[in-house]
Amino acid sequence: MPLVQEPAIPASLKPFRPLPDRRTASGGGETAAEPAIVTENLSIRYGHFTAVSNVSMAIPPRQVTAIIGPSGCGKSTLLRSFNRMNDFTPNLSVSGRVLYRGRDVYDPQTDPVELRRTIGMVFQKPNPFPKSIFRNVAWGAAINGFTGSLDELVEQSLRRAALWDEVKDKLHSSALALSGGQQQRLCIARAIALQPDVLLMDEPCSALDPIATTRIEDLIDNLKKHYTVVLVTHNMQQAARVSDRTAFMYMGELVEYGKTDDIFTHPSNPRTQDYITGRFG
Amino acid sequence: MSVQATQATFVPRLGARRAIGSAFHLFCVLMLLLAVAALGILLVRVVMDGWAWLSMQFLTSFPSILNPESGGIKHALHGTIWLIVLTGVVSVPLGIGAAVYLQEYASSNRLTRFIQLNIANLAGVPSIVYGILGLAVFVRSLALGRSVIAGALTMSLLILPVIIIASKEALAAVPNSIRLAAYALGATRWQVVRHHVLPAAAPGIMTGIILALSRAIGEAAPLIMLGALNYVPFVPTGLTSPFSALPIQIFSWTGLPQPEFHHLAAAAIIVLLAVLLTMNAVAIGIRMYQQKDRL
């Protein structure tokens with residue numbers, strides 16, 4: 001489907017606080033640009049259960065990074081630590097560091113509310129607000145002090161999410177009347193209306209049919225022009241199709257992380273090999 | 001090893017299963033009819049007894065012992081309206097505030113669970129006990145006297161547990177995915193609660209408030225305990241005015257031997273029901289308006 005390229009959204013949202021110039025080791029090596037997100041020896045536990053174990057990785061900007069692995073391998077937990085959506089999980093403890101553009105995400109000085117405006121998130125099941133399509137997209141910007149035209153913002157966000165043509169005549173009807181795939185694209189539009197830097201996607205297609213999945217995948221490919229996308233998926237074909245880099249997790253550990261082509265053609269770890277050839281998971 | 005087919009066969013007893021189903025269906029219908037019939041008989045009797053006695057004069061006159069026909073419920077109707085408005089003003093913000101704190105802010109520890117358990121128990125305390133408490137605290141200690149504000153505060157205590165429990169349940173029923181979606185957009189807790197959780201829970205909260213206020217409007221026991229008066233020859237003019245209320249007037253009329261007073265009591269019951277239905281209609285109206293506003 002055609003994606004209309006819009007001029008950049010006017011930058012009237014207050015930008016994220018300027019970053020201290022603290023360089024961190026880039027785990028990738030292949031990418032020249034400063035990584036958007038870096039984890040250093042990150043471990044996350046629920047009570048006594050270790051969900052993420054000693055993960056160190058660097059996520060490059062303006063690329064799609066896929067995190068794959070079998071159910072329960074800790075990939076969603078890892079993703080949710082990037083914008084501190086884990087904060088709502090009881091009995092959770094985090095050790096190690098997550099750095100977003102050089103800033104420690106779990107530092108007491110870091111305001112998660114401010115962080116989440118810059119690191120947006122799309123959830124597994126479409127979860128639009130039970131309000132109109134317009135309100136869904138406009139709300140996040142409105143509560144964050146957006147000073148520009150909400151009408152323009154809503155149109156541009158919906159265009160970037162490839163949903164505008166389907167909903168432009170019913171902006172003020174309920175978002176719950178949309179199909180599952182449309183709702184998920186609305187959730188993407190809602191997230192990008194905040195002009196985030198990073199977009200976290202937690203199995204965004206697992207509740208969708210194949211056609212809706214294809215549209216979201218096309219969309220992800222376009223989104224990386226503007227945003228750093230981190231995609232959690234249990235669908236290996238999806239990771240192979242849309243991502244530039246792939247991380248394979250197993251039992252909380254980061255087994256292998258590199259260029260998607262390398263991971264899928266000649267993985268260096270036998271466990272990765274077994275997983276991508278369908279021997280388990 | 002192959003799986004052996006067992007010798008036992010199925011005995012479906014379809015006829016018996018269907019018969020049991022039909023019998024249960026019939027039982028439920030009968031129970032419903034019984035409940036509706038009991039209510040219906042009550043209503044019909046009240047309307048038959050009191051309808052002829054309803055008039056403008058009944059609503060706008062003070063009661064008279066000597067002349068029942070010319071007596072009315074002006075004092076009691078005014079008292080009830082004062083009482084219910086004040087009770088609502090006191091108990092609704094307190095109740096919703098407590099429920100929002102318990103559901104959205106409080107961490108789930110032993111103290112929170114202890115408080116919740118006690119609130120649930122308080123909802124079951126007999127209303128006369130609240131009357132005793134009101135008499136001791138509001139009438140005596142705070143020296144509010146037998147005033148309409150003392151009555152409203154007592155009624156508020158009585159219905160607070162109901163409002164808190166109903167509101168808390170309504171808040172708990174709001175899907176967590178809505179909260180997470182809002183947090184992920186960089187909302188503060190206040191913004192999440194104000195824009196998403198409360199609107200989604202509003203119908204349930206409203207239902208709880210209606211039920212609670214309906215209970216308050218019909219209660220006589222705590223007011224009698226407080227010492228609200230049967231025959232007050234004036235309407236409340238302020239928070240500290242003495243007052244009467246419809247249930248008290250009904251109670252005292254039914255205790256008199258002359259049949260005229262029983263007709264007056266029936267007429268007052270009709271008025272009480274009308275006030276109750278009006279309140280519910282207003283609440284439903286607010287609810288519909290809110291739902292339209294949510295888009």
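Predicted model: local features only at pLDDT ≥ 70, side-chain atom pairs only at ≥ 80, totals over all residues.
Strands pair here if DSSP finds at least two bridges between them. Helices (H or I, at least four residues) and strands (E, at least two) are DSSP runs, numbered from the N terminus.

Take E4(A), residues 92-100. It pairs with E5(A) in the antiparallel sense, over two bridges. A:Tyr100 sits opposite A:Arg103 of E5(A).

A word on ground rules. Local features need pLDDT of at least 70, side-chain atom pairs count only at pLDDT 80 or more, and totals for chains, interfaces and linings use all residues. Residues are numbered from 1 along each chain as its sequence is written, with chains lettered from A and ligands numbered from 1 in the order written.

Now chain B. Helix H5 (127-141) and helix H6 (148-172) of chain B pack at about 135°, axes 9 Å apart. Axes are lines fitted to C-alpha atoms, for helices over the stretch in contact, and angles run from 0 to 180 degrees between N-to-C directions.

Last, the interface. Chain A contributes 24 residues to the contact and chain B 16. Contact means C-beta atoms, placed from the backbone, within 7 Å. On the chain A side, helix H2 (112-118), strand E6 (119-122) and helix H3 (133-143) each give two or more residues. H2(A) gives the most, with four.

Definitions and conventions
Contact = placed C-beta atoms within 7 Å.
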